[in-house]
Amino acid sequence: MRIIFKHIKELLQVRPKSVSFVSGKEMSKLPTIKNAYLIIEDETILNFGPMSECPNLKFDQVINATGQILLPSWCDSHTHIVYAGHREGEFVDRINGLSYEDIANNGGGILNSAKKLQETSEDDLYKQSKQRLVDVMQLGTGAIEIKSGYGLTTDAELKMLRVIKRLKETYPIEIKATFLGAHAIPLKYKTNAQAYIQLLIDELIPKVAKHQLAEYIDVFCETGYFSVQDTAQILEAGARYGLIPKIHVNQFTAIGGVQLGVKHKALSVDHLEELRDQDLQALQNTATMPVALPACSFFLGIPYTPARKMIDAGLPLAIATDYNPGSTPSGNMNFVVSTACIKMKMTPEEAINAATINGAYAMGLEHKVGSITKGKLANLILTKPISSYGFIPYSFGESQIDSLYIKGQKMS
Ligand code: NIG
Ligand code: FE
């Protein structure tokens, strides 16, 4: 099946030669072709260029995209969309003055979600999660990473990972699974965290690897959760089974998680709301992608990751949703792109690079998605007629998406 999009007002993120990611000043460059065509064949991008060079061939479908912008679909490299129930009670508690930390200390937070998930059947968990996946696809997401971490027992963690596997087998969207058994210390282990870490190392990690349920391993490296030493033990155990680190660091406190991530060759270090100069320096000239989660900062009212400082220092940056029931109950990448511009002072070019090619890299998918490159998957957003691509972040809270294509199939 061959489809051609003709008269595209502007084709964004055109990279004839695939790049892994963009950093520093390169982030402000978004290569585009005005008045363009793009041909897709079955799942992949076959060709593209200016309309003046458009081939005169027969196609199964011709789409006239006059006035519309075409870009790669969003790459959301950090989510927790497999969860059970919601936590709007805690949201109200925060409005009334409790902090995220107070709530967690009272047995709420991640432990609240874990209790709900443990009591939910695998089928029900799948049903709740697939609805979120379908919703985010409608919002333009074409590749996504999903973490476990609301199970916190062997059975419940494996249940979460099997649900992720089933989503992967059912939907065309690219899905990467991350094992986050080290998301919180379960109540049962409150006075003996090392025993829980040992359970992760001796039982869970080997099982996850044996059943090939995850490619990545994550740890919530944070005061009151897992220390740098705990995180090191867990990452070392994961590495013995080929699990690559993608870790939560510096959300509330800077305790050395960034340095540890770089040392363990983490694919990404995520959050970074509290970033010290030495953390920024540790990331320089490494293959570790820093990931900012501005919708989490928005929802919790915590600082935003200092994107300007990082990009101006030459670093790359990806942005993702962090979709989860506690700190970010939204998987809307359009909102994330807007928030990156409005609150983190990223330009539209930087934000679009961060949400496409850099997000793809943070999931190990840069060879498949994240740019308009021959041979990459035809995962595309076709906008409504809009005046320029700056209109996408400018019209915050609105969706400018006319249609979404995943592996060449129209989703909406
Ligand atoms: O990325 N920080 C740790 N994990 C999630 C929030 C978890 C929750 O509150 O349920 C996050 O923000
Ligand atoms: Fe998270």
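## Cavities, pockets and the model

On a 1 Å grid over the protein atoms alone, a cavity is a set of points where a 1.4 Å probe fits but cannot get out, while a pocket is an open set with protein on both sides within 12 Å along at least five of seven lines. Lining residues have an atom within 4 Å of a point. A molecule sits in one of these if more than half of its atoms lie within 2 Å of the grid points.

This is a predicted model, where local features need pLDDT of at least 70, side-chain atom pairs count only at pLDDT 80 or more, and totals for chains, interfaces and linings use all residues. Residues are numbered from 1 along each chain as its sequence is written, chains are lettered from A and ligands numbered from 1 in the order in which they are written, and side-chain values use heavy atoms, with hydrogens and water left out.

## Where ligand 1 sits

The largest cavity is the space that ligand 1 takes up. Around ligand 1 there are 15 residues (a heavy atom within 4 Å), and the closest are Tyr100, Tyr150, His183, Gln251 and Ser327. That shell has nine polar, four nonpolar and two charged residues. For these classes, Ala, Val, Leu, Ile, Met, Phe, Trp, Tyr, Cys and Pro are nonpolar, Asp, Glu, Lys and Arg are charged, and the others, Gly among them, are polar.

Now for the polar contacts (N or O atom pairs within 3.5 Å). Glutamine 251 has a polar side-chain atom 2.6 Å from a nitrogen atom of ligand 1. Ligand 1 also has an oxygen atom 2.8 Å from a side-chain N or O atom of arginine 87, and aspartate 322 puts a polar side-chain atom 2.8 Å from an oxygen atom of ligand 1. On its own, ligand 1 exposes 330 Å² (Shrake-Rupley, 1.4 Å probe), and the protein buries 100% of that.

## The largest pocket

Helices here are DSSP runs (H or I, at least four residues), numbered from the N terminus. H2 (100-105) and H3 (110-118) each supply at least two lining residues, and H2 gives the most, with four.

## The second largest pocket

This pocket has a volume of about 270 Å³. It is lined by 14 residues, and Gln118, Thr153, Pro186, Leu187 and Lys188 lie nearest its centre. Here H3 gives the most to the lining, with five residues. By class, the lining comes to seven nonpolar, five polar and two charged.

Terms used:
Polar contact = N/O pair within 3.5 Å; in protein donor to acceptor, adjacent residues only side chain to side chain. Points joined across faces, edges and corners; volume = space filled by probe spheres on them.
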